[in-house]
Amino acid sequence: MRVKRFVGDNVADTMGKIKRELGPEAVILQTRQIKEGGFLGFFARTKVEITAAIEERQQNYAAMKPAEDEPVKVVNTDAIKKAYEAYREKENENTREQSISDDAQSEIKQMHNILKEIKGHITKGDLSSSAESKPYSHWVNFLTDRGASRETAAELLEPIRNDLAEDQWKNNAKVFELLKNQVERLCSNTEVIRPSKSRTLVVAMVGPTGVGKTTTIGKLAAGFSIIERRKVALVTADTFRVAAVEQLRTFGEIIGVPVEVVMTPEGLKEAIDIHADKELIFIDTAGRSPQHDLHMDELEAFLDKAKPDVTMLVMSVTTNLTDQMKVYERFNELSTHLILTKLDESFSLGSILDLLAKTNLPVAYLTNGQNVPDDIDAATSEKLTRYVLGEDNPYA
């Protein structure tokens, strides 16, 4: 790793030096203000010192989404366990006596093969619960094929099962419409940004690394400033990556809104005060690992100074559910809304249902591409349902 110290008149000047020498992928290790020049402590100039680093050799690894094992309902598993325990007991008794007849050996071998075959069926999920009719199982599989867990699928289908007669389950169009209503109900907790001309609305973006916070801010800022003609300012506290600062500056230049770069919580408060005449101030924060307590403490210090009206937790739908829940649990107390990103990169959007079933924050926006400002939608229950189930009714 190559590490170097850079000094400039301000953050933008120093960041420019880092980008030219180390490139946009450089990582910021430390930032601070220093005094240089002067005589006997007088007339010294305030400078910005940034220590940055870059890997000499970077190796790319393909992002892999770990497969999730899903529980499978089986026929009378208790009976299978008891049969296997009886078999093991019988085998142990014969072993202790060391006098197994040919018939006993044959019987044990046959039982062993049968149990082995049953175990294979259980592992593959070939057996379904006797309580599940074939049409019901079809709809469970329909949802799991879309990416939802069997648990969430069962919860969505249970009200339909209670209200629908068994012979009506063969009417796929009717069942789909009922299922669509259930999904819309689960996805009904939505709320978007509503700025006002009478006061400044401060909106902060938080979340782990790589979920698209900076791009999402660019989309929202462009939409509000260009389309809705709102007065907007951008502030970035993400001075850990040169590329993030440059990206937001580029967005600001394109759409004609001011961009402030801050290094400290106090600097963030000053930037907000400077733009008190704006209707919207968007704050970009550095990506934080939910497992890194120090980084989370630093994020909380920035938010304590900013006191945002809205704090949006940005989460990628390409992240597996287990990790999504860990992120949600760590950021939940800091957040007021959710933004779901990278919907265009996932083939199993049914996993959104599992996330929404376990969270209570309203969903504000959905992003589905890199184009600014086009690839973003205000979240509604109808749009979420279309993403989860598909655009059209396949049984119409």
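In which loop is Lys307 found, and what can be said about the parts around that loop?

A: Lys307 is found in the loop between H10 and S8. Helices (H or I, at least four residues) and strands (E, at least two) are DSSP runs, numbered from the N terminus. This is a predicted model: local features need pLDDT of at least 70, side-chain atom pairs count only at pLDDT 80 or more, and totals for chains, interfaces and linings use all residues. Residues are numbered from 1 along each chain as its sequence is written, and side-chain values use heavy atoms, with hydrogens and water left out.

Start with the backbone of Lys307. Its phi is near 45 degrees, a positive value in a residue other than glycine. Lys307 counts as exposed, at 63% relative accessibility. The cut-offs are these: buried means under 20% relative accessible area, exposed over 50%, and partly exposed in between (1.4 Å probe, protein chains only).

Arg229 also has a positive phi, of about 60 degrees, although it is not a glycine. Arg229 lies in the loop between H7 and strand S5 (232-236). With a relative accessible area of 65%, Arg229 is exposed.

H10 packs with helix H9 (residues 265-274). Two packed helices are described by the angle between their axes and the distance between the axes. For H9 and H10 the angle is about 30 degrees and the axes are 8 Å apart. Axes here are lines fitted to C-alpha atoms, for helices over the stretch in contact, and angles run from 0 to 180 degrees between N-to-C directions. H9 and H10 are therefore roughly parallel to each other. Angles under 35 degrees count as roughly parallel, over 145 as roughly antiparallel, 65 to 115 as roughly perpendicular and the rest as oblique. The crossing of H9 and H10 is right-handed. A crossing is left-handed if the near helix is turned anticlockwise from the far one by less than a right angle, and right-handed if clockwise. On the H9 side, Pro265, Glu266, Leu268, Lys269 and Ile272 make the contact. Contact means heavy atoms within 4.5 Å.

H9 has a buried side. Pro265, Gly267, Leu268, Ala271 and Ile272 are its buried residues. Seen down the axis of H9, they fall within an arc of 155 degrees, so they line one face of the helix. The arc is that of the directions from the helix axis to the C-beta atoms. The buried residues of H9 pack against S4, S5, strand S6 (259-261), S7 and H10. Turned away from that buried side is a face with the exposed residues Glu270 and Ile274.

At the other end of H10 sits another loop. Thr285 is found there, between strand S7 (280-284) and H10. Thr285 is buried, with a relative accessible area of 4%. The side chain of Thr285 reaches the backbone oxygen of Met205 at 2.5 Å. That is a polar contact: a pair of N or O atoms within 3.5 Å, where within protein one must be able to donate a hydrogen and the other to accept it, and residues adjacent in sequence count only if both atoms are side-chain atoms. Leaving aside neighbours within four places in sequence, Thr285 is in contact with Met205, Val206, Lys213, Asp238 and Leu299.

Turn next to helix H11 (residues 321-331). Leu321, Gln324, Met325, Val327, Tyr328 and Phe331 are buried in this helix. Seen down the axis of H11, these residues fall within an arc of 160 degrees, so they line one face of the helix. An α-helix has 3.6 residues a turn, so residues three or four places apart point the same way. The cover over the buried residues of H11 includes strand S4 (201-206), helix H10 (293-306), strand S8 (310-316) and helix H12 (351-358). At the start of H11, a side-chain oxygen of Asn320 reaches to within 3.2 Å of the backbone nitrogen of Thr322.

One more loop involves S4. Gly212 lies between S4 and helix H7 (213-227). At 25% relative accessibility, Gly212 counts as partly exposed. Gly212 and Ile339 are 127 residues apart in sequence, yet 9.9 Å apart in space, C-alpha to C-alpha.

Last, the wider setting. The chain has 13 helices and eleven strands. Of its 396 residues, 44% are buried.
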